[in-house]
Amino acid sequence: MKRINLALQGGGAHGAFTWGVLSRLLQEEDIEIAAISGTSAGALNAAALKSGWVTGGREGAIENLEWLWGQVGAVTDQRLSDWVSSMSPTAHIWAKTLKYSPAYAAFDFTTRLMSPYTYGPAIRNPLESIVKQFHYDKICGDNGPELHICATNVRSGKIRVFTDTEISPDVIMASACLPSLFQAVEFEDPKTGNIEAFWDGGYTGNPALFPLFERHLPNDVLIVNINPLYREEVPLDVQGIHNRINEISFNSSLLRELRAIAFVKRLISEGSVPEGAMKSVLVHMIADDVLMNELNVATKTIPTPVVLSRLREAGEVAASAFLAKHKDDLNNQSTVDLADMFS
């Protein structure tokens with residue numbers, strides 16, 4: 001049995017790629033998921049996986065993920081989506097269609113000019129009704145993978161990782177709260193007893209890796225990356241510029257932790273620290289930067305069924321390719337060359 005930890009990035013509707021990855025990994029009977037750290041869409045995927053796992057094992061987790069993304073795809077207006085879906089466009093064509101639609105242009109313009117506090121409580125995150133349907137007795141229970149959900153404390157600017165029994169609908173909504181769209185999620189932090197305000201966890205941990213470094217957990221951390229680390233083209237329009245700023249910001253915390261892992265591994269290899277004093281983390285990554293470069297902020301914000309379906313398929317393909325090439329490396333060696341990444 002190969003035991004691994006999962007680190008699931010946030011990235012709005014692009015989290016459907018992670019759905020595909022998880023569905024494929026869950027088919028491998030000899031891979032056990034020990035713990036999951038998730039942010040934003042990664043938090044939704046993590047919660048759905050654990051809840052389904054506790055209820056019905058691997059099949060239960062796969063079914064619950066399918067239910068989740070079926071619900072997410074249903075929150076958008078079906079009229080334009082159905083018309084475009086009928087022509088079976090590529091993800092690239094659909095991304096451009098959505099980006100340049102008058103409706104999205106008006107939405108994007110409004111969110112750049114107006115604070116979400118202008119509308120008061122009238123504008124609510126459409127994910128709220130979905131998140132409230134999760135089975136928190138399963139999510140917070142001892143069975144299944146450990147669960148860690150990341151959010152950003154607005155006042156302190158620090159990361160807050162909620163674990164197992166601390167997780168609630170408010171926590172998951174906080175992890176997915178983009179401040180340009182929604183008011184901060186405020187609730188009593190069980191650790192401090194104070195009412196705190198939280199924004200999307202991607203600003204401080206997308207996702208946080210450090211909760212997965214505990215000694216009782218396996219050394220392997222498999223990151224599902226949905227924010228492209230590299231874009232060949234320099235963005236020229238306003239939407240593209242803001243999208244790339246968002247991607248860089250949401251990747252920066254992950255890259256800092258990966259750099260720290262690389263530093264520790266170098267210390268261990270040089271014999272600069274006593275054996276066993278620090279954990280030698282084995283890093284793996286599943287991503288599809290080619291696809292993500294074809295998509296944009298519009299497909300990330302508007303969860304249309306046609307894009308969700310293509311993202312899921314791409315996630316399954318990417319996971320299958322990873323398993324074919326690297327499954328034997330799990331629990332043995334890293335498959336991400338950190339030294340090359342930061343050279």
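Mentor: Let's start with contact, which means heavy atoms within 4.5 Å. In this protein, residues 24 or more positions apart account for 80% of the contacts with a separation of 6 or more. The model is predicted, so local features need pLDDT of at least 70 and side-chain atom pairs count only at pLDDT 80 or more, while totals for chains, interfaces and linings use all residues. Residues are numbered from 1 along each chain as its sequence is written, and side-chain values use heavy atoms, leaving out hydrogens and water.

Trainee: Where is Ile223 found?

Mentor: Strands are DSSP runs of E with at least two residues, and helices are runs of H or I with at least four, numbered from the N terminus. Ile223 belongs to strand β7 (residues 220-224).

Trainee: Is Ile223 buried or exposed?

Mentor: Buried means under 20% relative accessible area, exposed over 50%, and partly exposed in between (1.4 Å probe, protein chains only). Ile223 has a relative accessible area of 0%, so it is buried. Beyond four places in sequence, Ile223 touches several residues, including Ala7, Leu254 and His284.

Trainee: How many bridges join β7 to β8?

Mentor: Two strands pair if DSSP finds at least two bridges between them. Here β7 and β8 run parallel, joined by five bridges; Leu222 has His284 as its bridge partner in β8.

Trainee: Which residues cover the faces of β8?

Mentor: In a regular strand, side chains alternate between the two faces of the sheet. In β8, Leu282, His284 and Ile286 lie on one side and Val283 and Met285 on the other, all buried.
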